[in-house]
Amino acid sequence: MTGQFVRGRAGRPEIVLDEMHGELLADLCRQVIELVEPKPDDGRPASTDPLARELGLDGLDWGGLDGAEQAPPPAAPEDPVLARLLPDAYRDDAAASAEFRRYTENDLRLRKVDNARTVRADIAAAGPGARVVLDEPHAQAWLGALNDLRLALGTNLGVTEDLDLYAESLDPDDPRLAVLAVYHWLGVLQESLVEALLP
């Protein structure tokens, strides 16, 4: 797979994605959005109040402030990919992790969704084969989204730190090799974006 970020003439990271790679990246971001986005029926409603989101107050349970009993904190996700994207804050303290999750998970979900949507919007705005140029906020959103995509794919694959060893363990006709190629390409994108951001 091709496509890497370079530092453009304006000093900003830029990349040209052909139609196939642009559609692939946009579709992967769509899948992350569908997985992570807060749902009205899961106890983590997405607020439409931008100030609440900016202050990190979105989705907080204020019931305890008037003496009413607070709802129990959200449990860690059972889905392994979602659990990787929304990990416990304290590995050895389930109660502390649950309480931390109560006040931070909704905001974390929304941030990840915003990152993925930014990538999709940038790809759509540029069009197939056109140059995507990122300013600082968009570059940070791309870095966050690319990291989430690699975490999700890596979890699904069961990738170890040694990618070459993992690839060698698969049969030549194993469909996971194609997914591994995408995983590797996302790593190249991420690394090239970091390098393009260096002064």
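Q: Among contacts between residues at least 6 apart in sequence, what share join residues at least 24 apart?
A: In this chain it's 69%, where a contact means heavy atoms within 4.5 Å. Keep in mind that this is a predicted model, where local features need pLDDT of at least 70, side-chain atom pairs count only at pLDDT 80 or more, and totals for chains, interfaces and linings use all residues. Residues are numbered from 1 along each chain as its sequence is written, and side-chain values use heavy atoms, with hydrogens and water left out.

Q: OK, how many helices and strands are there?
A: Seven helices and three strands, taken as DSSP runs numbered from the N terminus (helices are H or I, at least four residues; strands are E, at least two). In sequence order you get β-β-α-α-α-α-β-α-α-α.

Q: And the sheet, what order do the strands take?
A: The order is β1-β2-β3, in an open, antiparallel sheet. Strands count as paired if DSSP finds at least two bridges between them. The edges are β1 (6-7) and β3 (131-133), each pairing on one side only.

Q: How many bridges between β2 and β3?
A: Three, with β2 covering residues 13-16.

Q: Which strands does α7 lie across?
A: Helix α7 (residues 176-197) lies across β1 and β2, at about 145° to β2. Those angles run from 0 to 180 degrees between N-to-C directions, with axes fitted to C-alpha atoms, for helices over the stretch in contact.

Q: Switching to aromatics: how many pairs does a search of the whole structure find?
A: Two. Rings of Phe, Tyr and Trp (its six-membered ring) pair if their centres lie within 6.5 Å; planes under 30 degrees apart are stacked, over 60 edge-to-face, and the rest tilted. Phe-5 and Trp-142 make an edge-to-face pair, 5.5 Å centre to centre with 90° between the planes. Phe-5 sits in the segment before β1 and Trp-142 in helix α5 (residues 136-157), so the pair links parts 137 residues apart in sequence.

Q: Is Trp-142 buried or exposed?
A: Buried, at 0% relative accessibility, and Phe-5 is buried too, at 5%. The cut-offs are under 20% relative accessible area for buried, over 50% for exposed, and partly exposed in between (1.4 Å probe, protein chains only).

Q: What about Tyr-90 and Phe-100, how far apart are the ring centres?
A: They're 6.1 Å apart with planes at 80°, so that's edge-to-face. Tyr-90 is in the loop between α3 (80-85) and α4 (94-126) and Phe-100 is in α4, so the pair ties parts 10 residues apart in sequence. Tyr-90 is partly exposed at 42%, and Phe-100 is partly exposed at 41%.

Q: Which ring does Arg-150 lie over?
A: Tyr-183's face, at 4.3 Å from the ring centre. The rule is NZ of Lys or CZ of Arg within 6 Å of the ring centre and within 35 degrees of the ring normal.

Q: Another arginine: where is Arg-101?
A: In helix α4, and buried at 5% relative accessible area. Leaving out residues up to four places away in sequence, Arg-101 touches Pro-74, Ala-75, Ala-76, Pro-77, Leu-86, Pro-87 and Asp-88.
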